[in-house]
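Hi,

Here is the structure I said I would pass on to you.

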Amino acid sequence: LALIGLVYIRPNAARRFYPTHLVVDLCSETRGAVAGVDKKPVGDSASNDMDAEVEQGRCLMIETNYRIYAYTTSVLQEKILELFSEICYKLPHMLIGVITRVSVRKALVHGISARQIIEYLHMHAHPQCMDKVPIVPEVVTDQIKFWEQERRRIRAEPAVAYSTFCNPDAFALTSKEAHRLNYLPAATADDEHPDTTSACLYSDS
């Protein structure tokens, strides 16, 4: 709690802690600024519009360190965030999570694509994030895409393996036919028998 600024711990008194103005305001039922700062009037149109958008789900703030701050009490929003992030802290009016390689890969395994995650972050971004370009930090979106591409580095394809050719000419004919059929031959020579060659032919379509 001290790391995120909710409590203050004196260096020489590790057993004592003091709540900060931030946690006092979050735990109070009254909306507005922190203690000691004048609150905006209830009829303020800009404040009311922002509150309405937050209540409609536009509640996410994403930082370049992959942390997510969700100003919501919705159980649905919490469960959705748990699909692709790790929830670190649950506060009365806010969730704090982090997007990690493990959490994104878990989402990918369950059929959620990187594009869907990024679109969700854009659609539910906090109104204060709308003035930023881009709305979601580029380092976060690029990293999510990279984690998705990691799972596509190796692709399985049906293959037919031919081995123990009688002579190099037989291998050359097989390789030529493979090229004609738009197949790619991968050749390996036998060290013990240089005259024989193995080939694995697979489709490139």
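α3 and α5 are oblique to each other, because oblique covers whatever is left once angles under 35 degrees (roughly parallel), over 145 (roughly antiparallel) and 65 to 115 (roughly perpendicular) are taken out. Their axes cross at roughly 140° and come within 11 Å; axes here are lines fitted to C-alpha atoms, for helices over the stretch in contact, with angles from 0 to 180 degrees between N-to-C directions. The crossing of α3 past α5 is left-handed, meaning the near helix is turned anticlockwise from the far one by less than a right angle. Gln77, Ile80, Leu81 and Phe84 of α3 make the contact with Ile117, Tyr120 and Leu121 of α5 (contact: heavy atoms within 4.5 Å).

Before going on, note that this is a predicted model, where local features need pLDDT of at least 70, side-chain atom pairs count only at pLDDT 80 or more, and totals for chains, interfaces and linings use all residues. Residues are numbered from 1 along each chain as its sequence is written, and side-chain values use heavy atoms, without hydrogens and water.

Overall, the protein has 7 helices and 9 strands, which are DSSP runs numbered from the N terminus (helices: H or I, at least four residues; strands: E, at least two). Of its 205 residues, 30% are buried, that is, under 20% relative accessible area with a 1.4 Å probe, protein chains only.

Now for the inside. The largest nonpolar core has 23 residues, and those touching the most other members are Leu60, Ile68, Leu81, Phe84, Ile99, Leu121 and Ile144. A nonpolar core is a set of buried Ala, Val, Leu, Ile, Met, Phe, Trp, Tyr and Cys residues joined through side-chain atoms within 4.5 Å. α5 gives the most to this core, with 5 residues. There is also a second, separate core of 8 residues, including Leu6, Tyr69, Leu91 and Cys129.

Where is Ile99 found? Look in the loop between β6 and α4. Ile99 counts as buried because its relative accessibility is 3%. Beyond its neighbours within four places in sequence, Ile99 is in contact with several residues, among them Phe84, Leu121 and Val140. Ile99 and Val140 are 41 residues apart in sequence, yet 8.5 Å apart in space, C-alpha to C-alpha.

Cheers

Definitions and conventions
Buried < 20%, exposed > 50% of the residue type's maximum accessible area, 1.4 Å probe, protein only.
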